[in-house]
Amino acid sequence: SQRTSRNRLAAIFLLLTAPCHALAALAPRGLTLKYFDARGVAEVSRVMLAIGGAEYSDSRYAIERTADGGFATPEFAADKASGALATNLGRAPLLLVDGQPSPLGQSRAIERYLARECGLMGTTPFEAALIDSVAEHVRDVKDAQGKKGFGMMSRDKSADEKETAKAEWYGADLPDWLQRIEACVAPIESAICGPPDSPTYAAVCIWSLLTDNGAASAEDRALLCRAAEGCTALNAIADAVAGHPRVAAWLEGRPVTMM
């Protein structure tokens with residue numbers, strides 16, 4: 001009937017415009033996020049789950065040091081051999097959702113799924129695309145950093161070559177990237193930041209880039225802060241995410257990992 005149709009439309013409108021804390025109550029339960037015992041490419045998802053108040057199992061593959069200075073992940077190797085990771089081509093992370101026919105692979109696909117479920121993708125399709133585009137800018141930066149090859153997992157450079165690459169990254173490459181993203185984000189800061197109780201997916205990505213991006217030492221953190229000097233909008237967005245009560249609680253209680 002016409003009244004039933006109006007009621008359905010009203011329910012859809014309320015769902016789309018509800019704050020994140022209301023959407024969190026509707027987020028799917030029975031989630032399992034499988035990744036290594038590290039922040040890596042799963043931490044943005046974990047932070048969004050914290051913001052959304054979603055219930056999930058944080059399943060972590062142990063990382064063990066080997067005698068030759070390398071790393072071993074026996075539980076991951078066993079899952080890979082068994083075919084349990086086939087959905088992500090034998091890799092991690094993997095998101096298992098109760099009631100779904102298959103796990104979900106690819107870290108970015110997992111992030112987008114969780115962002116939508118937790119109400120962190122804006123309120124219109126255009127806002128969602130805008131948020132997604134900024135998240136992709138952040139991915140470009142992280143990919144560029146990985147290609148510099150100075151991280152602890154990089155083995156094709158000497159210690160001196162890594163130091164040179166790191167100096168180039170923090171001294172020239174990263175500041176240039178951040179200034180360009182700042183110019184993109186500053187005019188749309190309110191849309192990217194989101195409301196105080198539910199920062200957007202892009203905001204969490206910016207927070208990750210500026211404050212949780214593998215800068216393990218105090219020196220690296222200082223270099224990162226220096227590279228972000230003058231990026232008023234980006235720093236404000238990162239601070240807003242860090243100041244969210246559920247994010248602060250997650251950061252305070254999350255497992256201490258080597259990376």
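This briefing covers the fold, the sheet, the cavity and some individual residues of one protein model.

The model is predicted: local features need pLDDT of at least 70, side-chain atom pairs count only at pLDDT 80 or more, and totals for chains, interfaces and linings use all residues. Residues are numbered from 1 along each chain as its sequence is written, and side-chain values use heavy atoms, with hydrogens and water left out. The protein has 12 helices and five strands. Helices (H or I, at least four residues) and strands (E, at least two) are DSSP runs, numbered from the N terminus.

**Overall picture**

- Of the 259 residues in the protein, 41% are buried. Buried means under 20% relative accessible area, exposed means over 50%, and partly exposed lies in between (1.4 Å probe, protein chains only).
- The protein exposes about 13,400 Å². Carbon and sulfur atoms supply 56% of that area. Accessible areas come from the Shrake-Rupley method with a 1.4 Å probe; for residues, only the protein chains shown count as cover.
- Take the contacts between residues at least 6 apart in sequence: 67% of them join residues at least 24 apart. Contact means heavy atoms within 4.5 Å.

**The sheet**

- Three strands form an open sheet in the order S2-S1-S5, with mixed pairing. Two strands pair if DSSP finds at least two bridges between them.
- Strand S2 (56–61) and strand S5 (94–97) stand at the edges. Each has a single partner strand, so one side of each is left without a neighbour in the sheet.
- On average, neighbouring strands of this sheet are turned by 20 degrees against each other, direction ignored. Axes are lines fitted to C-alpha atoms, for helices over the stretch in contact, and angles run from 0 to 180 degrees between N-to-C directions.
- Strand S1 (residues 31–36) pairs with S2 in the parallel sense, over six bridges. Phe36 has Tyr61 in S2 as its bridge partner.
- Helix H3 (residues 43–52) packs on the sheet and touches S1 and S2. The direction of H3 makes about 150 degrees with that of S1.
- Five of the six residues of S1 are buried, so S1 is largely enclosed by the rest of the structure.

**The cavity**

- Rolling a probe the size of a water molecule over the atoms shows where empty space is left.
- On a 1 Å grid over the protein atoms alone, a cavity is a set of points where a 1.4 Å probe fits but cannot get out; lining residues have an atom within 4 Å of a point. Grid points are joined across faces, edges and corners, and a volume is the space filled by probe spheres set on the points.
- The count comes to one cavity of 30 Å³ or more. The largest cavity holds about 30 Å³ of space.
- Its lining is made of Val138, Leu178, Ile181, Ile206, Leu209, Leu210 and Leu234.
- Helix H7 (159–185) and helix H9 (201–211) are the elements that give two or more residues to this lining. H9 gives the most, with three residues.

**Buried helix residues**

- Val185 lies in helix H7. At 0% relative accessibility, Val185 counts as buried.
- Leaving out residues up to four places away in sequence, Val185 touches Val134, Ile192, Ile206, Ala233, Leu234 and Ile237.
- Val185 and Ile131 are 54 residues apart in sequence, and their C-alpha atoms are 9.9 Å apart in space.
- Ala238 sits in helix H11 (residues 232–242). Its relative accessible area is 1%, so Ala238 is buried.
- Beyond its neighbours within four places in sequence, Ala238 is in contact with Ile206, Trp207, Leu210 and Thr211.

**Backbone points in the loops**

- The peptide bond from Ala92 to Pro93 is cis, with omega near 15 degrees. Pro93 is found in the loop between helix H4 (74–82) and S5.
- Leu89 lies in the loop between H4 and S5. Phi of Leu89 is near 60 degrees, a positive value in a residue other than glycine. Leu89 counts as exposed, at 66% relative accessibility.
- Gln106 is found in the loop between S5 and helix H5 (107–117). Phi of Gln106 is near 70 degrees, a positive value in a residue other than glycine. With a relative accessible area of 44%, Gln106 is partly exposed.

Definitions and conventions:
1 Å grid on protein atoms, 1.4 Å probe; cavity = no way out; pocket = protein on both sides within 12 Å on 5 of 7 lines; lining within 4 Å.
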